[in-house]
Amino acid sequence: MKRIDLRSDTVTLPTPAMRAAMANAELGDDVFGEDPTVNRLEAMAAERMGKDAALFVASGTMANLVALLTHCGRGDEVIVGDKAHTFVNEVGGMAALGGIHPRTVPNPPDGTLALDDIVGAIRGDNVHWPRTRLVALENTHNACNGAPLSPAYHQAVYDLAHARGIRVHTDGARIFNAAIALGVSPREFARYSDSLSFCLSKGLSAPVGSLLCGSREFIAAARRHRKMVGGGMRQAGVLAAAGIVALETMIDRLADDHANAKRLAEGLADIPGVALDPARIKTNIVFFDLTGALTAPQLAECLARDGVLIGAMGERRMRAVTHYGIERADIETALGLVKRALV
Ligand code: TLP
């Protein structure tokens, strides 16, 4: 029985080409700046995003933390969506480690922040108030069904923030999913972000690592923060080698993941007791709700017995994520099992 693991695209395993590249990687001490493979990956990432420089870090969480520490001082405020990964799923690191004050505004289902809400949340000059330093966006927006944010939206946020001396960070953990879904270069998002992070270890299937991209000065400062949080790795080229293969070979195929997610959403919507709007599914993340007797943990347990893993995200809410290794036939198998359990 094939295990069909739809819990996340983080479960992807490295491709044979990645394993070969890792075994043969040329290495050095990256804290000395002497790992040629890390240096190559960072140069590639900067070039892909149209930024001066990039920094290889251990995870998406570390990329966001280092970005926030670099943009904000203690007591500064960041405007962030109430469903943002940085706010919900990063252990409160910005507050715990950076003394950074999150100011949430609601994320509507399209994953944006309403421009009026951002303007309304920006602090004036008052001795009582923290200083607004940063707006943090997320593209694609994980908790909003992987919604891709358009370059035009990024530009609108960037323009209004910059007009007020505020910077913009984009958590682009799945920025290549957004680029593929909208048919644009990832540079279109990076252009309107002072910093942008993206992950190698989600849909791109590398085992470990994220890149933080920005100006030369920003990345130099971020490098110190990475060291401070214990992220200065030594022969990290063994990991970066897989990341290079990921950037070279794994981006275009994300379109298959999007098509599989669409099919999954349409199939789920046809099953009585499942509620979702398939029109919202534009990338590889499908949230759905259960309206019948079975709870999400119960359905997850039932499916797991047949080798299909879908995340229970609450009493009624579930999440399925498509990725490398999940084929169309696996989607049909999962749909058949959900139907059998619910109908
Ligand atoms: N997301 C994970 C879980 O943490 C929820 C997942 O399974 O989707 N930004 C975004 C938008 C993310 O979705 C994630 C991971 C991260 C940052 C953090 O990346 P890692 O896991 O590498 O720290």
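Which residues of H11 are buried? I put this to the predicted model before anything else.

**Entry 1: helix H11**

I listed the buried residues of H11 as Gly-237, Leu-239, Ala-240, Ala-241, Ala-242, Gly-243, Ile-244, Val-245, Ala-246 and Leu-247. That is 10 of its 13 residues, and I noted the helix as mostly covered. H11 runs over residues 237-249. I checked its span: 18 Å from the first C-alpha to the last, close to the 18 Å expected at 1.5 Å a residue.

Next I looked up what covers H11.

**Entry 2: salt bridges**

How many salt bridges does the structure hold? The count is 19. I followed some of them up.

I began with Arg-234 and Asp-29, whose side chains meet in a salt bridge at 3.2 Å, N to O. Arg-234 sits in the loop between helix H10 (216-228) and H11, while Asp-29 sits in the loop between H1 and H2; the pair links distant parts of the chain, 205 residues apart. I also looked up accessibility for both partners. Arg-234 is partly exposed at 38% relative accessibility, and Asp-29 is buried at 15%, because buried means under 20% relative accessible area.

I then took Glu-42 and Arg-223, which form a salt bridge with their closest N and O atoms 3.3 Å apart. This pair also links distant parts of the chain: Glu-42 belongs to helix H2 and Arg-223 to helix H10, 181 residues apart. Glu-42 counts as buried at 7% relative accessibility. Arg-223 is partly exposed, with a relative accessible area of 32%.

Arg-103 and Glu-77 came next; their side chains meet in a salt bridge at 3.7 Å, N to O. Arg-103 lies in strand S4 (residues 101-105) and Glu-77 in strand S3 (residues 77-81), so the pair ties together parts that are 26 residues apart in sequence. I found Arg-103 partly exposed at 26% relative accessibility and Glu-77 buried, with a relative accessible area of 0%. I also noted a network: Arg-3, Asp-5 and Arg-7 are joined by salt bridges that share partners.

**Entry 3: Arg-174**

Is Arg-174 buried or exposed? I found it buried, at 5% relative accessibility. Arg-174 lies in the loop between strand S6 (167-171) and H8.

I looked up its contacts, leaving aside neighbours within four places in sequence. Arg-174 is in contact with Ser-8, Asp-9, Asn-139, Thr-140, Asn-142, Lys-202, Asn-284 and Ile-285. With one of these, Asp-9, the side chain of Arg-174 makes a polar contact, side chain to side chain, at 2.8 Å. I also checked the separation from Ala-220, which is 46 residues away along the chain: the two C-alpha atoms are 24 Å apart.

**Entry 4: the largest pocket**

What is the volume of the largest pocket? I have it at about 410 Å³. It is lined by 25 residues, and the closest to its centre are His-85, Asn-89, Asn-142, Arg-174 and Arg-319. Two of these, Arg-174 and Asn-142, are in contact with each other.

I then looked up which elements supply the lining. Helix H3 (60-71), helix H4 (85-88) and strand S13 (317-321) each supply at least two residues. The largest share, 3 residues, comes from H3.

Notes
Residues are numbered from 1 along each chain as its sequence is written. This is a predicted model: local features need pLDDT of at least 70, side-chain atom pairs count only at pLDDT 80 or more; totals for chains, interfaces and linings use all residues. Side-chain values use heavy atoms; hydrogens and water are left out. Helices (H or I, at least four residues) and strands (E, at least two) are DSSP runs, numbered from the N terminus. The expected span of a helix is 1.5 Å times one less than its number of residues. Buried means under 20% relative accessible area, exposed over 50%, partly exposed in between (1.4 Å probe, protein chains only). A salt bridge is a side-chain nitrogen of Lys or Arg within 4 Å of a carboxyl oxygen of Asp or Glu. Contact means heavy atoms within 4.5 Å. A polar contact is a pair of N or O atoms within 3.5 Å; within protein, one must be able to donate a hydrogen and the other to accept it, and residues adjacent in sequence count only if both atoms are side-chain atoms. On a 1 Å grid over the protein atoms alone, a cavity is a set of points where a 1.4 Å probe fits but cannot get out, and a pocket is an open set with protein on both sides within 12 Å along at least five of seven lines; lining residues have an atom within 4 Å of a point. Grid points are joined across faces, edges and corners, and a volume is the space filled by probe spheres set on the points.
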